[in-house]
Amino acid sequence: MTESLGARLRALPFEIRQYLLITGNYWAFTLTDGALRMLVVLHFHQLGYSPLEVALLFLFYEAFGVVTNLVGGWLGARLGLNRTMNVGLGLQIVALGMLMVPSAALSVPWVMAAQALSGIAKDLNKMSAKSAVKVLVPKDSANAGSALYRWVAILTGSKNALKGAGFFLGGALLTWIGFRGAVIAMAVMLAVVLGLSLVRLKADLGRGKHKPKFTEVFSKSRAINVLSAARFCLFAARDVWFVVALPVFLYDQHGWSHWTVGGLLAIWVIGYGGVQTQAPRLTGLIKGGPRFVTAFWALALAGLPALLALLPLAEVGWLVTGLLAFGVLFAINSSWHSYLIVHFARSDGVSMDVGFYYMANAMGRLAGTVLSGWLYQVHGLSVCLWVSAALVAASALMALALPRQQQAG
């Protein structure tokens, strides 16, 4: 059976085998990343940290992601995406190792430093995986554009489904074997994946034909700059209520257990990832160029958090229903954005454009994470939802500056 599977894999085209390897690498990393986030939120809130203090534990995670995407795209173009992807895996193992110390040694600066390494690792891994898709998709077929969209949607959607499974895994591991046991188990798993990646992943994948200067990381493309600004608002809108406010609200106000909170967020992200894989079909229902399609789906999303803010949040059924609906529309927006950035990116040195774009993505997560803790602590969940609605509306307005037609970079 194993031999037959190996023979089938060897019979696949080289690009498909590399795509599967990159996707599996990305899956494993994302599983641990989602689990670690849930572990940190629940474990440190249980230790008595306030919502704002919990949010600040992720400050360096998001802040270093901003720098990593900018520098990582440049490094990927110079050194090859295989190297940046493997460095990301190695750094995540180091970050997990830092959290294996006894509980008494888990001070705020120490955890923030570990989260900083994890943020660098995550964005190196993500930038490398998404840039590699542009390199691997066959460019000589008549439907190369739709094939690119499908490959990006599958990679992004499956990654988010695994991140959701990671949320569930984090809550479950915290209950079963505790915080330290959980990070040890995840570090061992990633070490195995890193070994496979070092042996199998193609050298020099995505390396540019010329050695780009660092100043070239700042995009000169209007489409990429506009899309990056819209991405900033979109992800700040998600994280302003999802990252800290929602799990703490369910834990404090409704008395949910770690397991239950982790399970709900896992179901949300798994469903969100599943919708992303179907995004090419869903966005195809709306005809028009990038400007119209992007603005349409953003406006459709903007009304949901505003509606939730008007509903009685003491009724958890309303909140859960609204959360699931938000996930469907957010998934469509996110997958469409992910396709557009890879589509508009230049073919030579694709990682630089993708890195710049995901720098804006990381800035949005950073802003949303800090606002999530601060706004919830000071004003409550309703205000977090109103701010989310405003940010999505801003993303829709920015989309009006995108090109009317799909012209690849």
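## Helix crossing

A crossing of two helices is called left-handed if the near helix is turned anticlockwise from the far one by less than a right angle. In this predicted model, the crossing of H2 and H8 is left-handed. The axes of helix H2 (residues 14-46) and helix H8 (residues 178-200) come within 11 Å and cross at roughly 165°, and because angles over 145 degrees count as roughly antiparallel, H2 is roughly antiparallel to H8. By class, the contact of H2 with H8 has 17 nonpolar, five polar and one charged residues.

## Helix H5

Helix H5 (residues 81-98) has 18 residues, which at 1.5 Å a residue should span 26 Å, and the end C-alpha atoms of H5 are 26 Å apart, in agreement with that expectation. The buried residues of H5 include Leu81, Asn82, Met85, Gly88, Leu89, Gln92 and Met98.

## Aromatic pairs

The count of aromatic pairs comes to 15.

Phe296 counts as partly exposed at 33% relative accessibility, whereas Trp297, with a relative accessible area of 10%, is buried.

One aromatic cluster is formed by Phe167, Phe235, Trp241, Phe242, Trp268, Tyr272, Phe326 and Phe330.

Key: Residues numbered from 1 in each chain as written. Predicted model: local features only at pLDDT ≥ 70, side-chain atom pairs only at ≥ 80, totals over all residues. Heavy atoms only, no water. Helix = DSSP H or I, 4+ residues; strand = E, 2+ residues; numbered from the N terminus. Expected span 1.5 Å × (residues − 1). Buried < 20%, exposed > 50% of the residue type's maximum accessible area, 1.4 Å probe, protein only. Axes fitted to C-alpha atoms, helices over the stretch in contact; angles between N-to-C directions. Parallel < 35°, antiparallel > 145°, perpendicular 65-115°, else oblique. Nonpolar A, V, L, I, M, F, W, Y, C, P; charged D, E, K, R; others polar. Phe/Tyr/Trp six-rings, centres within 6.5 Å; stacked < 30°, edge-to-face > 60°.
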